[in-house]
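Good morning, and thank you for joining. Please have the structure open as we proceed.

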Amino acid sequence: MPGSFIADVVLTHPDLPLGPTLKAIPTASITEESIRPATTADVPAVLYRVRDVDFRTFESALEHDDTVSEWTQTMDFGDTRLYRVQHSPTTTFVTPTLSDLRIHVISIESAGRDWHFRLETAERDHLSSFWDHCRAEDIQFELETLRSSGTQQIEESVAIKAALTERQLEVARVAAQLGYYDKGGVSAEDVAAELGIAPSTLSTHLRRINAKILATLFDDASG
């Protein structure tokens with residue numbers, strides 16, 4: 001039975017949907033309940049499930065969010081509310097590209113100031129093409145995990161380790177051990193403190209580590 005690849009990806013760009021709101025309220029938990037249409041013909045209205053936030057603060061942030069044209073609260077479950085958001089024409093969407101590349105969106109959830117996408121595709125080349133798209137659009141692309149199912153295998157672990165310096169391996173190992181890559185795990189400040197470095201230095205290390213991992217996984221994906 002053919003397998004597939006499942007990737008957990010974090011995307012960062014100020015013009016992604018609700019970008020200013022996420023920046024203002026990074027502790028909010030926001031889940032996209034209606035995956036956006038697969039075309040850019042119309043700016044879609046999106047249904048979001050929101051929790052772990054003061055709703056008055058959240059609604060105030062929506063009013064000042066450049067990616068939002070209109071919004072309506074549709075349901076109230078006490079600690080959770082549903083909002084229907086009509087996005088502005090300047091909003092940057094990646095779902096049309098994902099559809100064109102035959103990448104299935106499993107879920108979209110907020111991750112602090114960013115968006116966490118869980119994606120599934122039959123071909124790793126498709127993820128490579130999506131990475132290229134994000135680089136072209138200046139969207140920061142952070143690959144958290146890449147898993148395979150069925151008979152397809154991921155065999156680059158040795159190559160990835162070889163591509164990283166000893167210091168980068170140490171940083172990646174400590175971040176993983178502390179749960180930095182886990183949802184709800186430790187913060188970047190906690191990892192930096194454990195390593196005895198400044199958060200800005202850790203951020204530089206993580207960006208370079210991520211770039212090397214992506215290059216190893218995707219640059220020769222079609223080879």
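This is a predicted model: local features need pLDDT of at least 70, side-chain atom pairs count only at pLDDT 80 or more; totals for chains, interfaces and linings use all residues.

A polar contact is a pair of N or O atoms within 3.5 Å; within protein, one must be able to donate a hydrogen and the other to accept it. With that in mind, please look at the start of helix H2, where a side-chain oxygen of Asp 54 comes to within 3.2 Å of the backbone nitrogen of Arg 56.

Helix H2 spans residues 55–63, and its buried residues are Phe 55, Phe 58, Glu 59, Ala 61 and Leu 62. Viewed down the axis of H2, these buried residues fall within an arc of 155°, so they line one face of the helix. Arg 56 and Glu 63, on the other side of H2, are exposed.

What covers the buried residues of H2? The cover includes helix H1, together with strands E2, E3, E4 and E5.

Let us turn to one residue of strand E5, namely Thr 80. Thr 80 is buried, with a relative accessible area of 12%. Its contacts, leaving aside neighbours within four places in sequence, are with Arg 49, Val 50, Arg 51, Phe 55 and Met 75. The side chain of Thr 80 also makes a polar contact with that of Asp 79, at 3.4 Å.

Finally, confidence. The mean pLDDT of the chain is 84, and 84% of its residues reach 70 or more.

Technical notes:
Residues are numbered from 1 along each chain as its sequence is written. Side-chain values use heavy atoms; hydrogens and water are left out. Buried means under 20% relative accessible area, exposed over 50%, partly exposed in between (1.4 Å probe, protein chains only). Helices (H or I, at least four residues) and strands (E, at least two) are DSSP runs, numbered from the N terminus. The arc is that of the directions from the helix axis to the C-beta atoms. Contact means heavy atoms within 4.5 Å. pLDDT is the predictor's confidence in each residue, from 0 to 100.
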